[in-house]
Amino acid sequence: MITTDKKDIRGIAKSELEAIFQQMNEPRFRVKQVQEWLWQKGANSFEAMTNLPKGLREKLSQHFVIHAITMDKQQNSLDGTIKSRWRLHDGHLVESVLIPVPEDNRFTVCVSCQVGCSLTCSFCATGRMKRVRNLDAAEIFDQVVLVNQQALEVFEHPLTNIVYMGMGEPLLAYRNVMESIHYITSPEGLGMSPKRITISTAGIAKMIRQLADDQSKVNLALSLHAADDEKRNKIMPINEQNNLAALMDALEYFYQKQKIALATSTSPLRILMTLCKML
Ligand code: SF4
């Protein structure tokens, strides 16, 4: 476990970094170079930033750290699926899964967003772990970068899709999840299309509305698991405060806000029932 009082440079806003560089008498364009290394090239050390003067790289190492995640264990299935367990800087472990479907040119990573989970779904191993903390945006971003490298090495194909469906409930790690999506999709980051990203939720109606209000362009999936409240309450306790009627309202709001034209026959109930059949 790495213990240090130095701040993770990836947790510092660009404007703050510019002020810090100004104090260090470093030109403004150096901030842009550092940000490119961090968010476009996925650099996990200052030494890797080879277009920066050596003195600046040393200065950065003295003042900051990069809390990159590291491989703890990898399991390869016969069907090509690769499960990776990552160690975070504070010693906690989370998992990602690479799901290849080469015949469809589809290479999906399922990423984690929390250490543990507070929602205690009865069918889920993570639900039996106490929620410890949310992953920060960079820790989620790292999973995408590293699994993309796996996909290139093993399948000679980059990732095509990202689903937030690993450990944790993404809508309860909302700010960090949205920040990670910013770095994955923006031109200053990996530049992937938000249409390739799906947030999968156990069903937090208030946060589905928040996602709609924020006009996010990502896809949303609801893990239904049961199509009536009585059964769902038993296996997904979150349903007690977010019953199917509340979720249907929130989904309708989401789709209206996203300006997705619903055919008159496609009511929110139909969406839920369709999802249910898919599960
Ligand atoms: S919300 Fe997801 S991670 Fe959390 S307990 Fe339910 S299924 Fe597991």
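The centres of domain 1 and domain 2, taken over C-alpha atoms, are separated by 31 Å. The structure is a predicted model, in which local features need pLDDT of at least 70 and side-chain atom pairs count only at pLDDT 80 or more, while totals for chains, interfaces and linings use all residues. Residues are numbered from 1 along each chain as its sequence is written. Domain 1 spans 7-65 and domain 2 spans 70-278, with bounds that come from an automatic or database domain assignment. Seven residues of domain 1 are in contact with seven residues of domain 2, contact being defined by C-beta atoms, placed from the backbone, that lie within 7 Å. The side of domain 1 that touches domain 2 comprises one nonpolar, four polar and two charged residues, where Ala, Val, Leu, Ile, Met, Phe, Trp, Tyr, Cys and Pro count as nonpolar, Asp, Glu, Lys and Arg as charged, and the others, Gly among them, as polar.

The ligand is surrounded by residues that include Cys-117, Cys-121, Cys-124, Met-167 and Glu-169, each with its C-beta atom, placed from the backbone, within 6 Å of the ligand. By class, this shell has six nonpolar, four polar and one charged residues.

Ile-82 is partly exposed, because 19 other C-beta atoms lie within 10 Å, a residue being buried at 20 or more such atoms, exposed at 12 or fewer, and partly exposed in between. Leaving aside neighbours within four places in sequence, Ile-82 is in contact with Gln-74, Asn-76, Leu-98, Gln-150 and Val-154. Val-109, 27 residues from Ile-82 in sequence, lies 9.5 Å away in space, C-alpha to C-alpha.

Key. Contact = placed C-beta atoms within 7 Å.
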